[in-house]
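Have the structure open while you read.

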Amino acid sequence: MFTSSDGFTQDTCLLGKHHRAIIPHGVVLLGLWYITGRFDGGKTTFRRKYPMKIIEIEWCSPEYQSALELRHDVLRGPLGLKLTAEELDGEHAQLHFAVMDKDEVVATLVARPESSGVVQFRQMAVRPDQQRSGKGTELLKHCEEKIREKGFSEIHLNARQTCLPFYEKLGYQPIGDEFEEVTLKHQKMVKKLS
Ligand SMILES: CC(C)(COP(=O)(O)OP(=O)(O)OC[C@H]1O[C@@H](n2cnc3c(N)ncnc32)[C@H](O)[C@@H]1OP(=O)(O)O)[C@@H](O)C(=O)NCCC(=O)NCCS
């Protein structure tokens with residue numbers, strides 16, 4: 001066995017190399033685990049543990065155009081419909097929010113101010129490949145905070161029946177009877193900001 005002048009044997013040198021290889025890999029794996037997810041009940045979900053980029057976008061800006069495309073692709077296209085002039089009317093006076101992934105809009109929400117501290121959230125859409133990864137939740141919470149800062153105290157929205165669990169989880173309560181809109185059953189929901 002080779003023994004160096006400072007007492008290292010060939011074995012300890014090999015062990016040292018081995019550790020030098022393991023430690024960086026371990027750090028990388030730990031980082032990946034932290035950033036990308038958790039394993040729950042046999043279903044892997046990928047949730048970012050770092051802040052998403054959520055911005056307020058200007059009406060008619062390039063980001064607004066991208067958000068319109070997303071709204072069409074997620075909310076109208078699958079129903080064989082288009083966004084109508086009536087739906088777009090007045091959007092210059094509404095607030096537009098977007099979750100950005102690099103330069104792409106991957107989720108969006110519109111807030112329409114109404115009288116006496118009330119705002120309507122509408123047109124919430126998350127890109128299909130990014131749904132169920134926490135983006136909708138983060139976007140909704142962010143928008144709640146922003147409109148609270150602007151002095152609103154109550155939010156209402158018309159939720160698709162299929163999405164009730166999503167809104168209920170975030171503190172929205174159903175009010176009134178269900179109704180039909182864009183061919184789908186909807187439910188009005190309300191949340192008071194404390
Ligand atoms: C509904 C929507 C906005 C939710 O955003 P999201 O980023 O996918 O939702 P999140 O990942 O934040 O979901 C959080 C929780 O809400 C619930 N949830 C979300 N989407 C749901 C759905 N479609 N049905 C039932 N529960 C849902 C789940 O409990 C989910 O937790 P889980 O993934 O651990 O089970 C998004 O899926 C979407 O754009 N859907 C298509 C368009 C649409 O229906 N828009 C709403 C119109 S009212």
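## Helix H4 and its surroundings

The buried residues of H4 pack against strand S3 (53-57), strand S4 (95-101), strand S5 (104-113), S6 and H5. Some ground rules: this is a predicted model, where local features need pLDDT of at least 70, side-chain atom pairs count only at pLDDT 80 or more, and totals for chains, interfaces and linings use all residues. Residues are numbered from 1 along each chain as its sequence is written. Helices (H or I, at least four residues) and strands (E, at least two) are DSSP runs, numbered from the N terminus.

So which residues of H4 are buried? They are Lys-135, Gly-136, Leu-139, Leu-140, Cys-143 and Ile-147. They sit on the same side of H4, because they cover an arc of only 125° around the axis (taken from the directions from the helix axis to the C-beta atoms). An α-helix has 3.6 residues a turn, so residues three or four places apart point the same way. On the face turned away from that buried side, H4 carries the exposed residues Lys-141, Glu-145 and Glu-149.

"Buried" here means 20 or more other C-beta atoms within 10 Å of a residue's own, "exposed" means 12 or fewer, and "partly exposed" is in between, with C-beta atoms placed from the backbone.

After H4 comes Gly-151, with a positive phi near 100°. Phe-152 lies in the loop between H4 and S7. Phe-152 counts as partly exposed because it has 18 C-beta neighbours inside 10 Å. Its C-alpha atom is separated by 6.8 Å from that of Val-119, 33 residues apart along the chain.

Here are the contacts of two residues (C-beta atoms, placed from the backbone, within 7 Å), not counting residues up to four places away in sequence:

| Residue | Touches |
|---|---|
| Phe-152 | Gly-117, Val-118, Val-119, Ile-147, Leu-193 |
| Ala-98 | Ile-55, Ile-57, Glu-63, Ala-67, Val-105, Ala-107, Thr-108 |

Ala-98 also turns up in the largest nonpolar core, which has 28 residues; Leu-139 and Cys-143 are likewise among those with the most contacts inside it. Such a core is a set of buried Ala, Val, Leu, Ile, Met, Phe, Trp, Tyr and Cys residues joined through C-beta atoms within 7 Å. The largest share of this core, six residues, comes from S5.

Finally, the ligand: H4 (135-149) is one of the elements that each supply at least two residues of the shell around it.
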